[in-house]
Amino acid sequence: MFIYDTEQKIFDIAGLKIGGQPGEVPTVMAGTIFYAGHKIVEDDVKGIIDEKSAETLINKQDEMSDITGNPAIMQIFAESSEAMERYIEFCTKISDSPFLIASTEASARIAGTKYVQEVGLTDKAVYNSLNVSCTPEEMKALKDSDISSSIVLGFNPKDASVSGKVELLDTGAGLVDKGLLDLSEDLGITKPLIDPASMPIGAGAGSSVASGFVIKSKFGVPVGLGIHNAPSSWVWLKEYRKAHAEHPERGVWIGEGGDVYRFCDIGSNVVPIIAGQDFVLYGPIENAAIAFPLCAMADIIVSEANQVEHGITPIESHPYFKMSE
């Protein structure tokens with residue numbers, strides 16, 4: 001294991017700690033709810049959901065956080081502005097955890113930003129994400145809000161290498177007027193969380209992981225990945241899942257193919273942790289019961305090594321103290 005020569009910042013988001021040296025602070029775990037195709041969503045435009053099932057999922061993530069010591073964030077995904085407001089209102093009544101405002105639609109992200117400003121939830125909100133595709137309207141909404149934390153996405157569409165990602169954060173790489181970190185500061189983001197952007201297996205996944213080391217070394221800020229996107233977009237794995245399904249007509253999750261797919265999907269979350277990163281967007285919130293203990297185990301291994309080799313003392317809530325006996 002290793003530590004960084006650069007001083008590593010630890011941010012506080014509504015009491016949640018994130019960042020620091022490997023083995024110092026528990027890995028923050030973010031599970032996604034109301035994602036595209038989520039069975040508990042009945043109307044993704046109006047934001048109508050199976051509330052009982054949603055509450056069970058949120059409570060399970062919080063339960064696993066309490067058991068392991070790994071802090072939890074809800075990644076609230078919405079397809080529309082109306083749904084975003086409904087989802088945030090619902091989730092924040094169930095859990096005190098911070099949450100990500102996430103959508104593929106800029107209008108929904110803007111609506112979420114304005115909503116949390118109106119109801120006084122900006123201290124718990126993390127924007128997802130500030131990136132090269134952000135519209136002027138998005139940036140104005142962020143600047144006008146009191147939101148102080150955002151995922152800063154290091155996706156460089158012209159260069160997926162480590163240097164391409166770092167250049168985007170540092171200078172803008174010719175894609176934006178200034179580096180995304182400077183831009184985030186201009187917009188009032190004092191707690192940037194860098195996601196170097198996960199690429200598919202065989203098409204840049206290695207650079208996505210490796211860039212985290214360089215980014216933390218250079219900037220000293222928290223870094224993490226939605227690494228499960230790498231195996232989930234892996235062509236070989238998807239083909240294997242289909243070829244080894246017991247009942248393809250009932251869904252490819254059944255049988256050996258489904259098991260292999262799920263193990264790779266959830267198991268991938270340990271990779272950023274061993275690589276010295278700070279958070280994982282571990283995928284569907286349904287996976288909390290497996291993902292939390294798995295990542296806690298990786299946290300304990302990193303912490304054990306860095307206590308002995310580098311004198312890094314984990315904070316009191318770390319899985320090392322909660323689970324290693």
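Predicted model: local features only at pLDDT ≥ 70, side-chain atom pairs only at ≥ 80, totals over all residues.
Local features here need pLDDT of at least 70, side-chain atom pairs count only at pLDDT 80 or more, and totals for chains, interfaces and linings use all residues. Residues are numbered from 1 along each chain as its sequence is written, and side-chain values use heavy atoms, with hydrogens and water left out.

**Stop one: α4.** Select residues 136–144, helix α4 (helices are DSSP runs of H or I, at least four residues, and strands are runs of E, at least two, numbered from the N terminus). Glu138, Ala141 and Leu142 are buried (under 20% relative accessible area with a 1.4 Å probe, protein chains only; exposed is over 50%). These three cover an arc of only 100° around the axis, which puts them on the same side of α4 (the arc is that of the directions from the helix axis to the C-beta atoms). Now show α3 (106–119) and β8 (125–130), which are included in what covers them. On the face turned away, look for exposed Pro136, Glu137, Lys140 and Lys143.

**Stop two: α9 and α10.** Next, select 235–243 for α9 and 256–267 for α10. The α9 and α10 axes lie 6 Å apart at about 150° (lines fitted to C-alpha atoms over the stretch in contact, with angles from 0 to 180 degrees between N-to-C directions). That makes α9 roughly antiparallel to α10 (over 145 degrees). Among the residues that meet are Tyr240 in α9 and Tyr261 in α10 (contact means heavy atoms within 4.5 Å).

**Stop three: α12.** Arg262, Ile266 and Gly267 in α10 meet Ile290, Ala291 and Leu294 in α12.

Definitions and conventions. Parallel < 35°, antiparallel > 145°, perpendicular 65-115°, else oblique.
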